[in-house]
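Load the model in your viewer and keep the selection tool at hand. Each stop below gives you something to select and tells you what is there.

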Amino acid sequence: MIFEALSVFPEVFSPYLDASILGRAQRAGIFSFEAHDLRDWTHDRHRTVDDAPFGGGQGMLMKPAPIFEALDDLSARGEKPPHVVFFSPCGERFDQRVAERLSREERILFVCGRYEGIDERVYTLADDVLSIGDYVLTGGELAAMVVIDAVVRLLPGALGDELSAVDESFSQAGLLEYAQYTRPASYRGMDVPEVLLSGDHARVDAWRRSNAIERTALWRPDLIETAPLSDEERARALGIIAQGKGEGERR
């Protein structure tokens, strides 16, 4: 899989993407990454990529011409044009479902905004406009790395253990991941649930399913509505949610 990014700070990607799991996956040829400097598509001596907004207002906007020219050039390279991703508060909320969809693309190009924003006309180039959350960042580079991280974990061979991604939160039929423990079995008065020490795999699986439902109902009750649960599981989850609301009202 090929990832690319268009940025005015292309150097920020390497420290993260070259390390740990992502670094190993790159070296194994599971994915490649290249950052392009947007200033390479400017035509003035100052390599200007921003200008004041029409109508006045605070800050500067990224100009359309360098981005259009860059995408024209980059799209002509390679066997097929990239799937172009922009980031915006107006975009689709990025989640595991979107990560799974993007993992089926062959080539993705992230356009990383900076300053006060991007000229609106540039969004006509987008195949996807995404938001990673309701907060403001100084640029789209961090958002691009979040998406790359989430997508790479879904690529065959990236994690080594192919079951790792399947067991994680949001990959378990829309539920949060169950609680996990390691040695020692008892620490500072806190004991590992006995069932996990039993060696009975059927009991362990049943506990993990139950625990995942409980954690989801407590921490992300919004996920319960769409999670594929049995009638009994859904009733239990709704009971946990109702109890949590009741305790909140008492406080």
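Start by selecting T216, which lies in helix α7. Helices here are DSSP runs of H or I with at least four residues, strands are runs of E with at least two, and both are numbered from the N terminus. The model is predicted: local features need pLDDT of at least 70, side-chain atom pairs count only at pLDDT 80 or more, and totals for chains, interfaces and linings use all residues. Residues are numbered from 1 along each chain as its sequence is written, and side-chain values use heavy atoms, with hydrogens and water left out.

Is T216 buried or exposed? T216 is buried, with a relative accessible area of 0%. Buried means under 20% relative accessible area, exposed means over 50%, and partly exposed is in between, with a 1.4 Å probe and protein chains only. The C-alpha atoms of T216 and I241 are separated by 9.4 Å, and the two residues are 25 apart along the chain.

Move to A217, also found in helix α7, which covers residues 201-219. A217 counts as buried, at 3% relative accessibility. Draw a distance from A217 to H36. It spans 43 Å, C-alpha to C-alpha, for a sequence separation of 181 residues.

Next, go to V147 in helix α5. V147 is buried, at 0% relative accessibility.

Show F87, S88, P89, Y123 and L137. Of the 25 residues that line the largest pocket, these are the closest to its centre. About 580 Å³ of space lies in this pocket. A pocket is defined on a 1 Å grid over the protein atoms alone: it is an open set of points where a 1.4 Å probe fits, with protein on both sides within 12 Å along at least five of seven lines, and lining residues have an atom within 4 Å of a point. Grid points are joined across faces, edges and corners, and the volume is the space filled by probe spheres set on the points.

β5 gives the most, with four residues. Now colour the lining by class: 14 residues are nonpolar, eight polar and three charged. Ala, Val, Leu, Ile, Met, Phe, Trp, Tyr, Cys and Pro count as nonpolar, Asp, Glu, Lys and Arg as charged, and the others, Gly among them, as polar.

**The surface patch**

Keep L137 selected. L137 lies in the loop between β8 and α5 (141-152). L137 is partly exposed, with a relative accessible area of 36%. Together with L137 they form a nonpolar patch on the surface, with about 290 Å² of accessible area. Patch members have over 30% relative accessible area and no salt bridge; like charges are joined within 9 Å, and nonpolar side chains (Val, Leu, Ile, Met, Phe, Trp, Tyr) within 5 Å. Accessible areas come from the Shrake-Rupley method with a 1.4 Å probe, and for residues only the protein chains shown count as cover.

**Salt bridges**

Side chains of opposite charge can pair when their charged atoms come close. The structure holds twelve salt bridges, each a side-chain nitrogen of Lys or Arg within 4 Å of a carboxyl oxygen of Asp or Glu. Select E92, R97, R101 and D128, which are linked in a network of salt bridges. E92 meets R97 at 2.9 Å, N to O. E92 also meets R101, at 3.5 Å, N to O. E92 is partly exposed at 30%, and R101 is partly exposed at 25% relative accessibility.

For another pair, select E194 and R203: their salt bridge is 3.2 Å, N to O. R203 counts as partly exposed, at 40% relative accessibility.

**Backbone stops**

Select Y115 in the loop between β6 (107-111) and β7. Phi of Y115 is near 60°, a positive value in a residue other than glycine. Y115 is partly exposed, at 37%.

Go on to R188, in the loop between β9 and β10 (190-191). Phi of R188 is near 50°, again positive. R188 is exposed, with a relative accessible area of 74%.

Finish at P184, in the loop between α6 (164-167) and β9 (186-187). The peptide bond from R183 to P184 is cis, with omega near 0°.
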